[in-house]
Amino acid sequence: MRFALCGPRRAADLALILEKQGAVALHRPTVRTILAPPEVLQARLSKLVYQGADWVIFTSGAGVEELHRQAEALGLWEAVYARLKQSKLAQRGYKSDRALRQRGLQAVAWDEDGTVDGLIEALRAHPLAGLQVFVQLYGQPAPRLVRFLKEQGAGVEELMPYRHIPASEAALDRLILEVLEGELDALVFTSQPQVDYLLAHAEKTGQFCRLQAAFERVWALAIGHITAIPLQEAGIRCWYPRVERLGALVTEFARFMAQRRGPL
């Protein structure tokens with residue numbers, strides 16, 4: 001089977017796992033990740049260091065890692081870390097939890113389902129009026145979360161160590177054409193933006209209905225149930241593993257396909 005990998009992050013790891021199963025892995029990212037300008041991030045982190053924060057909210061494991069890496073490059077990590085130890089922390093998703101624990105940090109509020117809405121529900125149990133909250137964004141704005149915090153009376157500062165933008169139109173056109181012409185057996189999505197940008201480009205170019213129909217014969221694979229949401233909302237057949245891990249995605253899908261018609 002020929003798999004198109006739609007995310008740039010950890011694509012090499014995923015390709016290796018697939019190739020060990022005898023599959024063909026093709027790199028077809030639908031997003032690009034751009035790091036925040038150093039001067040912008042330095043200004044935000046310096047504000048955290050000098051003013052402190054009552055709460056710091058992390059919304060992605062990659063964000064924790066990138067914030068750490070960039071803060072170190074700016075010579076601010078030790079000071080940022082000291083502030084984090086003094087603040088209450090909240091997190092979204094198991095990857096954020098893992099990244100925080102690896103750095104000796106632990107959240108006091110977290111979601112139950114990996115969603116921003118779940119995180120908001122967890123934060124409702126905590127008084128936020130008059131408090132200063134820093135929010136690490138996951139490559140895109142989080143308007144519902146920011147609006148909730150402001151409605152609770154909190155002051156909000158946003159930290160975006162990286163942001164997602166669509167892949168080039170040529171790259172998206174190529175991937176859609178490969179799907180429509182039956183050159184691929186599956187597309188693998190590891191985050192919602194990867195899905196969103198592909199579907200938005202298909203809509204923009206008048207190919208959405210054809211692409212939607214093509215997914216009746218091409219598998220849309222999601223890393224987990226959160227990534228699957230925009231596919232399901234678009235009426236696209238999708239599959240995701242019980243455990244949100246790259247290895248589980250491949251091995252569980254291999255077993256699933258073996259039951260249908262043979263190994264990958």
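Helices (H or I, at least four residues) and strands (E, at least two) are DSSP runs, numbered from the N terminus, and Ser 46, for example, has its place in helix α2. The structure described here is a predicted model, in which local features need pLDDT of at least 70 and side-chain atom pairs count only at pLDDT 80 or more, while totals for chains, interfaces and linings use all residues. Residues are numbered from 1 along each chain as its sequence is written, and side-chain values use heavy atoms, with hydrogens and water left out.

**Salt bridges**

- Side chains of opposite charge can pair when their charged atoms come close.
- The structure holds 10 salt bridges, a salt bridge being a side-chain nitrogen of Lys or Arg within 4 Å of a carboxyl oxygen of Asp or Glu.
- One of these salt bridges joins the side chains of Glu 157 and Lys 47, with 2.4 Å from N to O.
- This pair links distant parts of the chain, since Glu 157 belongs to strand β8 (residues 155-159) and Lys 47 to helix α2 (residues 38-51), 110 residues apart.
- Glu 157 is buried, with a relative accessible area of 10%, whereas Lys 47 is partly exposed, with a relative accessible area of 29%; here buried means under 20% relative accessible area, exposed means over 50%, and partly exposed lies in between (1.4 Å probe, protein chains only).
- Asp 97 forms a salt bridge with Arg 101, and the closest N and O atoms of the two are 2.9 Å apart.
- Asp 97 and Arg 101 are separated by about one helical turn, because they stand 4 residues apart in helix α5 (residues 94-102).
- Both partners count as partly exposed, Asp 97 at 21% relative accessibility and Arg 101 with a relative accessible area of 47%.
- Glu 169 and Lys 204 also meet through their side chains in a salt bridge, at 2.7 Å from N to O.
- Glu 169 lies in helix α8 (residues 169-180) and Lys 204 in helix α9 (residues 192-204), so this pair ties together parts that are 35 residues apart in sequence.
- Glu 169 counts as partly exposed at 45% relative accessibility, while Lys 204, at 60%, counts as exposed.

**Helix packing**

- Helix α1 (residues 11-20) and helix α12 (residues 246-260) have axes that come within 10 Å and cross at roughly 25°; axes are lines fitted to C-alpha atoms, for helices over the stretch in contact, and angles run from 0 to 180 degrees between N-to-C directions.
- This makes α1 roughly parallel to α12, since angles under 35 degrees count as roughly parallel, over 145 as roughly antiparallel, 65 to 115 as roughly perpendicular and the rest as oblique.
- The contact is made by Asp 13, Leu 14, Ile 17 and Leu 18 of α1 together with Leu 246, Gly 247 and Val 250 of α12, where contact means heavy atoms within 4.5 Å.
- The residues of this contact of α1 with α12 divide into 5 nonpolar, 1 polar and 1 charged; Ala, Val, Leu, Ile, Met, Phe, Trp, Tyr, Cys and Pro count as nonpolar, Asp, Glu, Lys and Arg as charged, and the others, Gly among them, as polar.
- Helix α3 (residues 61-73) packs with α5 at an angle of about 35°, and their axes are 7 Å apart.
- On the α3 side this contact is made by Gly 61, Val 64 and Glu 65, and on the α5 side by Lys 95, Ser 96, Ala 99 and Leu 100.
- Sorted by class, the contact of α3 with α5 has 3 nonpolar, 2 polar and 2 charged residues.

- Ser 46, in helix α2, is buried, with a relative accessible area of 18%.
- The C-alpha atoms of Ser 46 and Ala 71 are separated by 9.8 Å, although the two residues are 25 residues apart along the chain.
- His 225 is found in helix α11 (residues 225-233) and counts as partly exposed at 37% relative accessibility.
- Leaving aside neighbours within four places in sequence, His 225 is in contact with Asp 113 and Tyr 240.
- Val 24 has its place in strand β2 (residues 24-27) and is partly exposed, with a relative accessible area of 37%.
- Val 24 touches Met 1, Arg 2 and Phe 3, not counting residues up to four places away in sequence.
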